[in-house]
Amino acid sequence: LAGADVLTFVDIDSMLRRVYGKQKQGTGFGHAKIGGYNVWLRGYHPLITTLSTPLSAPVVAATRLRSGNAGSARGAANMIAETVTTARSCGATGEIVVRADSAFYAKTVIATCRRRGVRFSVTARVDTKIRTACDSISEDQWIDIKYPQAVWDEDAQRWISDAQIAETEYTAFAGTRHAVTARLIVRRIRRDDPRQAPGQQELLPAYRYHTVFTDSPFTLIQTEAQHRQHAVIEQINADLIAGPLAHLPSGRFSANDAWLACAGLAHNLTRAAGHLAADTWKTARTATIRARIINVAARLAHRARTIHLHLPAHWPWQAAFENLHTAVHPAPG
């Protein structure tokens with residue numbers, strides 16, 4: 001991966017894949033949210049880790065199929081250790097930051113990151129202790145950030161935004177042998193009351209807090225922005241669901257696990273094809289790469305003991321296909 005000698009991100013996430021056959025091995029009822037409602041669905045609960053850098057799109061580093069009733073963090077520590085080893089064997093000689101959501105805010109996950117010598121950036125659940133730490137931050141410590149619909153103020157030379165960030169020191173898992181003291185990055189968003197009358201001011205402002213527990217060496221603004229980019233793994237999940245993981249075909253758990261591994265391999269090969277096609281294809285979705293430069297309507301013709309490929313005329317993605325073909329089949333000599 002380009003830029004791995006400076007900074008590499010390891011992202012981990014899980015997703016529930018629903019199945020309908022009661023005879024499938026290893027299925028269970030797992031929690032999901034559909035249309036804002038919490039529901040329980042029968043299926044599998046795959047665990048996926050990816051590698052990415054600020055200069056390259058993510059690729060799948062490891063996959064693991066689990067029962068649908070498995071907790072999100074089950075087996076996550078081992079997966080992170082495996083992925084860190086893979087990252088270093090792939091040339092990640094720079095800083096490695098492990099990013100995860102609140103489901104992976106666990107002692108074993110953070111302890112594994114410390115033991116492997118990598119940084120962690122994990123969303124923390126806002127409990128009583130976290131909220132107390134958030135309330136202890138003074139008003140002059142909050143910084144406006146570039147958030148959706150933010151406006152740049154030329155006079156004040158700052159962003160006018162609904163979101164502000166600050167940081168404080170926090171000790172997680174206090175009172176246990178896994179106690180860790182690190183940075184607590186807090187993002188707060190103004191909670192407006194929709195029932196409030198126009199022009200009526202509220203007595204005390206209310207905020208929603210989003211917290212990140214991290215030992216990242218970067219600045220506050222950089223660290224907070226990098227953690228928000230953890231959402232890129234949701235795009236990987238969407239790509240897999242739109243492709244091989246649209247269904248898990250076998251009734252045997254081991255066969256479906258192999259299917260998941262093949263889905264990760266196919267994603268990485270498609271991503272490699274996008275890099276070889278160059279330009280904007282390096283960051284294009286795998287579904288777009290498949291539809292435009294892999295699944296091509298063409299005609300094979302045999303002439304003079306050679307095979308000729310007749311491609312569409314006036315094809316808008318001709319240059320990308322030629323770049324890919326030249327890279328995979330270099331001219332002889």
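Tutor: We begin with the cavities: the structure holds one cavity of 30 Å³ or more. This is a predicted model, in which local features need pLDDT of at least 70, side-chain atom pairs count only at pLDDT 80 or more, and totals for chains, interfaces and linings use all residues. Residues are numbered from 1 along each chain as its sequence is written, and side-chain values use heavy atoms, with hydrogens and water left out.

Student: What is a cavity, and what is a pocket?

Tutor: On a 1 Å grid over the protein atoms alone, a cavity is a set of points where a 1.4 Å probe fits but cannot get out; a pocket is an open set with protein on both sides within 12 Å along at least five of seven lines, and lining residues have an atom within 4 Å of a point. Grid points are joined across faces, edges and corners, and a volume is the space filled by probe spheres set on the points. Here the largest cavity has a volume of about 30 Å³.

Student: Which element gives the most to the lining of the largest cavity?

Tutor: Helix 4 does, with three residues; helices (H or I, at least four residues) and strands (E, at least two) are DSSP runs, numbered from the N terminus. The lining of this cavity includes T223, Q226 and H227.

Student: Which residues of helix 4 are buried?

Tutor: Buried means under 20% relative accessible area, with a 1.4 Å probe and protein chains only. In helix 4 the buried residues are L220, T223, E224, Q226 and H227. Seen down the helix axis, they fall within an arc of 165° (taken from the directions from the axis to the C-beta atoms), so they line one face of helix 4.

Student: What is the volume of the largest pocket?

Tutor: The largest pocket has a volume of about 670 Å³. Of its 31 lining residues, D13, S14, D101, A103 and E234 are the closest to its centre. Strand 3 supplies the largest share of the lining, four residues.

Student: How many residues does the largest nonpolar core have?

Tutor: A nonpolar core is a set of buried Ala, Val, Leu, Ile, Met, Phe, Trp, Tyr and Cys residues joined through side-chain atoms within 4.5 Å. The largest has 42 residues, and I12, Y105, F120, Y170 and F213 have the most contacts inside it. Helix 1 (residues 76–89) gives the most to this core, with five residues. A second, separate core of 12 residues includes V19, V60, L65 and A263.

Note on methods
Buried < 20%, exposed > 50% of the residue type's maximum accessible area, 1.4 Å probe, protein only.
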